[in-house]
Amino acid sequence: MANTETALKDAMNSIDGALGVALVDYGSGMALGTLGGSASLDLNVAAAGNTDVVRAKLRAMEMLNLQDSIEDILITLGTQYHLIRLLTGRGGNGLFLYLALDSKRANLAMARHQLRRIESELEI
């Protein structure tokens, strides 16, 4: 089982095109850990903003009476992919992994696969 720091390092090192990764508490909008990012990709700002995305989708599912769970949310930009993966394992309730990828270097299917693996190994 990996701790937060190990999981974030794993994401940055094993996922081609990774620009930054964060573990986020969507109850508070706070990043519990970040790695990567840049002057144009502030992971703490991204954590707070993507918390709103997660909350909005959960509200929409509730209003639609969808009895299902979110696996991940993908946002595609001109040059980046932003992937949000809600944690489902023990202790992960209320948390998500956020991954920003360079769309020119990333393989989205492999990134999703690796993020799922990292989630399964993460010990909260």
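1. Let's start with helix α3. At 1.5 Å a residue, its 14 residues should span 20 Å, and its end C-alpha atoms are 20 Å apart, so the two agree. The expected span here is 1.5 Å times one less than the number of residues in the helix. Helices (H or I, at least four residues) and strands (E, at least two) are DSSP runs, numbered from the N terminus.

2. A word on where the numbers come from. This is a predicted model, in which local features need pLDDT of at least 70 and side-chain atom pairs count only at pLDDT 80 or more, while totals for chains, interfaces and linings use all residues. Residues are numbered from 1 along each chain as its sequence is written, and side-chain values use heavy atoms, leaving out hydrogens and water.

3. Back to α3: which of its residues are buried? They are Ala111, Gln114, Leu115, Ile118 and Glu119. Buried means under 20% relative accessible area, exposed means over 50%, and partly exposed lies in between (1.4 Å probe, protein chains only). Looking down the axis of α3, the buried residues fall within an arc of 140°, so they line one face of the helix. The arc is that of the directions from the helix axis to the C-beta atoms. On the other side of α3, Ala109 and Ser120 are exposed.

4. What does that buried face of α3 meet? Its buried residues pack against α1, β4 (80–86) and β5; contact means heavy atoms within 4.5 Å. At the N-terminal end, Asn107 caps α3, with a side-chain oxygen 3.1 Å from the backbone nitrogen of Ala109. For such polar contacts, a pair of N or O atoms must lie within 3.5 Å; within protein, one must be able to donate a hydrogen and the other to accept it, and residues adjacent in sequence count only if both atoms are side-chain atoms.

5. Now step back to the whole chain. The secondary structure comes to three helices and five strands, and along the sequence the pattern reads α-β-β-α-β-β-β-α. The radius of gyration is 14 Å, close to the 14 Å that the globule rule gives for 124 residues, so the protein chain is as compact as a globular protein of that length. That radius is taken over C-alpha atoms, and the globule rule is 2.2 Å times the number of residues to the power 0.38. Buried residues make up 41% of the 124 residues.

6. In soluble globular proteins, nonpolar side chains tend to be buried together. A nonpolar core is a set of buried Ala, Val, Leu, Ile, Met, Phe, Trp, Tyr and Cys residues joined through side-chain atoms within 4.5 Å. In the largest core here, which has 18 residues, Ile15, Leu97, Leu99 and Leu101 touch the most other members. At least two residues of this core come from each of α1 (4–14), β1 (18–25), β5 (95–102) and α3 (108–121), and β5 gives the most, with four. A second, separate core of 16 residues includes Tyr26, Leu41, Leu86 and Phe96.

7. Helix α1 also has a buried side. Its buried residues are Ala7, Leu8 and Ala11. They cover an arc of only 100° around the axis, which puts them on the same side of α1. On the other side of α1, Glu5 and Asn13 are exposed. The cover over its buried residues includes β1, β2 (30–36), β5 and α3.

8. Next comes α2, which has 21 residues and reaches 30 Å from its first C-alpha to its last, close to the 30 Å expected at 1.5 Å a residue. Leu43, Ala46, Ala47, Asn50, Thr51, Val54 and Met61 are its buried residues. Seen down the axis, they fall within an arc of 145°, so they line one face of α2. This buried set packs against β1, β2, β3, β4 and β5. At the start of α2, a side-chain oxygen of Asp42 comes to within 2.9 Å of the backbone nitrogen of Asn44.

9. Zoom in on Thr51, found in α2 (residues 43–63). Is Thr51 buried or exposed? Thr51 is buried, with a relative accessible area of 1%. Leaving aside residues up to four places away in sequence, Thr51 touches Val24, Asp25, Tyr26, Gly29 and Phe96.

10. Finally, check Asn65, in the loop between α2 and β3 (72–76). Most residues other than glycine have a negative phi. Asn65 has a positive phi of about 55° although it is not a glycine. Asn65 is also exposed, with a relative accessible area of 55%.
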